[in-house]
There are 2 protein chains.
Amino acid sequence: MRLSRYFMPILKENPKEAEIVSHRLMLRTGMIKQQSQGIYSWLPLGKRVLDKVNAIIREEQNRSGAIELSMPTLQSAELWQESGRYDAYGKEMLRIKDRQERPMLYGPTNEEMVTDIFRSYVKSYKNLPLNLYHIQLKFRDEIRPRFGTMRSREFMMKDAYSFDLNKEDAVHSYNKMFAAYLRTFDRLGLRAIPMRADTGPIGGNHSHEFIILAETGESEVFSHRDFVNFDIPAADVDFDDVAGMQAIFDKWTSVYAATSEMHDEAAFDAIPESDRLSARGIEVGHIFYFGTKYSEPMGAKVQGPDGKEHLVHMGSYGIGPTRLVPAIIEASHDENGIIWPASVAPFDVVVINMKPGDEACDRISEGLYGDLGKAGKDVLYDDTDDRAGTKFATADLIGVPVQVIVGPRSAANGEVEVKDRKTGAREVMTVEAAMNRITG
Amino acid sequence: MRLSRYFMPILKENPKEAEIVSHRLMLRTGMIKQQSQGIYSWLPLGKRVLDKVNAIIREEQNRSGAIELSMPTLQSAELWQESGRYDAYGKEMLRIKDRQERPMLYGPTNEEMVTDIFRSYVKSYKNLPLNLYHIQLKFRDEIRPRFGTMRSREFMMKDAYSFDLNKEDAVHSYNKMFAAYLRTFDRLGLRAIPMRADTGPIGGNHSHEFIILAETGESEVFSHRDFVNFDIPAADVDFDDVAGMQAIFDKWTSVYAATSEMHDEAAFDAIPESDRLSARGIEVGHIFYFGTKYSEPMGAKVQGPDGKEHLVHMGSYGIGPTRLVPAIIEASHDENGIIWPASVAPFDVVVINMKPGDEACDRISEGLYGDLGKAGKDVLYDDTDDRAGTKFATADLIGVPVQVIVGPRSAANGEVEVKDRKTGAREVMTVEAAMNRITG
């Protein structure tokens with residue numbers, strides 16, 4: 001992408017309305033724009049990051065055997081009356097009447113609708129287990145939306161729903177998602193700690209939040225330091241291995257971890273002081289097992305191997321991509337801007353032409369832009385007439401992992417400077433060496 | 001994907017509510033499920049097709065220089081009051097009040113919001129031309145939604161918006177989208193004919209609809225037969241070539257084409273009878289140039305090279321992916337089911353194991369499933385215990401382009417049967433030959 005033709009509106013000033021660093025940086029880099037209170041556009045730079053986050057979530061959901069569909073944003077009130085949540089859900093639910101005066105709502109979550117899909121088609125235990133997910137917009141009419149897309153009203157959620165014949169199988173489904181979440185957050189460059197959680201309005205009796213550690217996190221968390229070193233399940237882990245999945249779950253829940261709501265001071269104090277980790281955290285995922293809470297009122301049953309009808313046991317599993325993006329920034333930035341993990345960076349590399357119009361600078365920059373693109377890299381090419389200082393500041397601000405600086409003096413020698421955004425290390429090398437470094 | 005683990009609820013009976021073939025086939029194959037009137041879930045098979053359609057749309061938008069972002073579904077009423085459309089837009093607009101009693105709406109289109117984005121950031125002609133697009137859900141509260149996702153209330157739209165300094169540049173932007181649309185529909189396996197169109201509620205003075213021919217189309221169209229043979233712009237066409245783009249536009253608008261609303265009988269009769277094409281069509285895209293219709297009331301101006309402020313000239317460009325999927329089916333099916341163009345088929349190939357449990361059948365089927373997947377193909381593997389007749393009927397119904405039938409007799413000789421869904425041609429060959437045929 002040539003910067004001269006791109007739409008990346010960098011703000012010169014720090015926006016005053018932003019209270020936390022991720023919100024400030026997302027506004028400054030032109031990743032998002034507020035359209036109404038708690039409702040945002042994702043501008044091109046932000047959209048690229050969001051897409052990469054979603055791609056990783058999707059890959060890991062698919063790997064674990066979950067199947068993607070897409071449910072609509074608007075739901076009929078009837079479904080929620082069936083489950084009993086239409087009245088129970090408070091003012092956070094955006095209630096709407098269509099032109100026929102039929103009561104509808106903008107889905108805050110999809111337990112009812114997915115249960116309706118299930119009961120419409122699935123009649124036998126032979127079609128189980130089943131885990132259906134979508135990545136879709138949701139709306140929750142928060143009284144106080146804040147922190148940009150960290151707590152917005154219209155937001156994106158990956159929500160998966162598992163269906164099993166009995167509790168034992170449902171626990172395996174839960175453990176599979178548990179492992180998939182560990183892999184997902186790890187690939188996003190985050191260390192997430194699963195913590196036993198309250199079940200809230202979803203209901204149920206078995207639930208974990210995934211919390212990432214970040215200085216600016218909104219909740220206080222307490223855990224054993226061992227978490228930092230636990231192994232992440234490998235890409236080829238066998239999700240069908242019931243004992244193996246249980247072992248991963250057992251390992252990751254073997255030591256103390258709790259948010260302040262669930263904190264047990266005595267248990268925490270029993271940990272040797274040097275192993276205690278007390279920090280700030282951001283919730284980035286939440287998983288629930290809730291048995292027959294929805295299948296019972298909504299009549300979602302299958303015929304079991306015994307020939308009898310059984311209510312299915314369900315779980316639901318949420319990750320918020322539009323919250324993950326700022327969470328990643330909270331966990332990875334410095335005074336100059338964002339430091340993207342390579343897996344979700346909007347571009348893999350930025351080629352900075354220091355003197356457009358200079359023959360050597362243009363030739364080398366254009367060549368790198370073309371060749372890196374052909375090698376499968378997402379390349380931003382700064383071909384603008386901005387001053388050097390502006391170009392460097394922008395490249396640092398937007399946090400692309402690798403910068404290739406093409407200045408007239410080194411270009412005359414066929415050389416460029418490669419800068420690592422994270423460490424700040426710079427190295428002059430030939431164009432060929434730069435290509436090898438970046439694509440190798 | 002192993003069919004035994006997939007969620008593809010095939011209906012045995014033809015659904016009674018479906019009036020047209022695409023709606024019937026999308027319900028029968030379990031591609032969609034109606035959730036409320038005119039509101040659908042896209043089940044896994046349908047979601048796969050929709051994703052492939054969107055991927056092609058996106059590639060061609062990007063190729064033409066348009067830049068992707070994502071605007072939210074909910075908009076504040078204020079923006080629409082600025083443009084004057086809040087009152088003008090009728091009951092099709094879904095009006096909502098949030099918990100603070102603020103008037104909002106579910107966006108039926110995004111001219112206002114994108115103009116707001118533009119005016120917030122772009123101040124100089126140097127940042128033009130600019131074309132911003134998103135692929136996002138829209139809602140139009142049709143009084144009579146029908147034909148499944150062909151005319152639904154919650155639907156997906158790719159909508160692009162161009163911004164230029166003056167009319168001349170805006171016409172070039174229009175021509176670029178015109179060419180991009182020709183490429184897009186061609187890659188989707190469709191022959192689309194651009195026709196001069198009414199501008200309707202979007203407004204403006206220069207507009208074309210893209211109509212595909214299908215026996216079951218809802219509107220009558222009249223055109224010169226030459227369209228069928230016009231060349232599609234090549235992948236490496238230069239979108240910056242103003243004259244080249246104009247030549248493409250001129251060529252494709254050089255002969256008669258009109259929907260019944262715009263039909264000029266005298267002009268049509270002037271065409272030699274053997275060249276007249278009178279057929280049914282489905283609108284799958286619509287492009288507009290509308291000058292300063294929105295920039296004027298909303299104050300979207302840039303400084304020109306003359307140092308003065310100029311209202312930007314705009315256009316908008318829509319394609320409906322959730323309508324394109326049924327349109328493709330209308331244009332490509334037979335009595336046994338859907339015949340997907342390869343570019344949007346939910347799977348590239350289905351491997352049908354005729355006798356799971358048979359050593360040779362299992363070995364060959366599993367081998368092909370694995371190897372074809374490694375070769376980058378999307379493979380559906382029918383590993384179920386269904387009867388042969390059911391398996392064949394399902395494979396034909398869902399319209400996967402290539403079927404590989406692995407039966408015990410030929411498997412014992414290391415052979416399989418490869419069937420082309422479209423022609424029905426079947427050929428027995430070695431496993432290796434089948435691999436080469438499919439991946440070659």
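1. Just after helix 6 of chain B, Gly189(B) adopts a positive phi of about 80 degrees; helices here are DSSP runs of H or I of at least four residues, numbered from the N terminus. The model is predicted, with local features needing pLDDT of at least 70 and side-chain atom pairs counted only at pLDDT 80 or more. Residues are numbered from 1 along each chain as its sequence is written, and side-chain values use heavy atoms, leaving out hydrogens and water.

2. At the start of helix 6 of chain B, a side-chain oxygen of Asn166(B) comes to within 3.2 Å of the backbone nitrogen of Glu168(B).

3. Helix 6 of chain B covers residues 167-187, and its 21 residues should span 30 Å at 1.5 Å a residue, which agrees with end C-alpha atoms that are 30 Å apart. Because 15 of the 21 residues are buried, this helix is largely enclosed by the rest of the structure (buried means under 20% relative accessible area, with a 1.4 Å probe and protein chains only).

4. In chain A, the axes of helix 2 (residues 44-63) and helix 6 (residues 167-187) come within 9 Å and cross at roughly 150 degrees, which makes helix 2 of chain A roughly antiparallel to helix 6 of chain A (the term applies to angles over 145 degrees). The crossing of these two helices of chain A is right-handed.

5. Cys361(A) counts as buried because its relative accessibility is 0%, and Cys361(B) counts as buried at 0% relative accessibility. Over all chains the structure holds 0 disulfides, a disulfide being a pair of cysteine sulfur atoms within 2.5 Å.

Terms used: Chains are lettered from A and ligands numbered from 1 in the order in which they are written. The expected span of a helix is 1.5 Å times one less than its number of residues. Buried means under 20% relative accessible area, exposed over 50%, partly exposed in between (1.4 Å probe, protein chains only). A polar contact is a pair of N or O atoms within 3.5 Å; within protein, one must be able to donate a hydrogen and the other to accept it, and residues adjacent in sequence count only if both atoms are side-chain atoms. Axes are lines fitted to C-alpha atoms, for helices over the stretch in contact, and angles run from 0 to 180 degrees between N-to-C directions. Angles under 35 degrees count as roughly parallel, over 145 as roughly antiparallel, 65 to 115 as roughly perpendicular and the rest as oblique. A crossing is left-handed if the near helix is turned anticlockwise from the far one by less than a right angle, and right-handed if clockwise.
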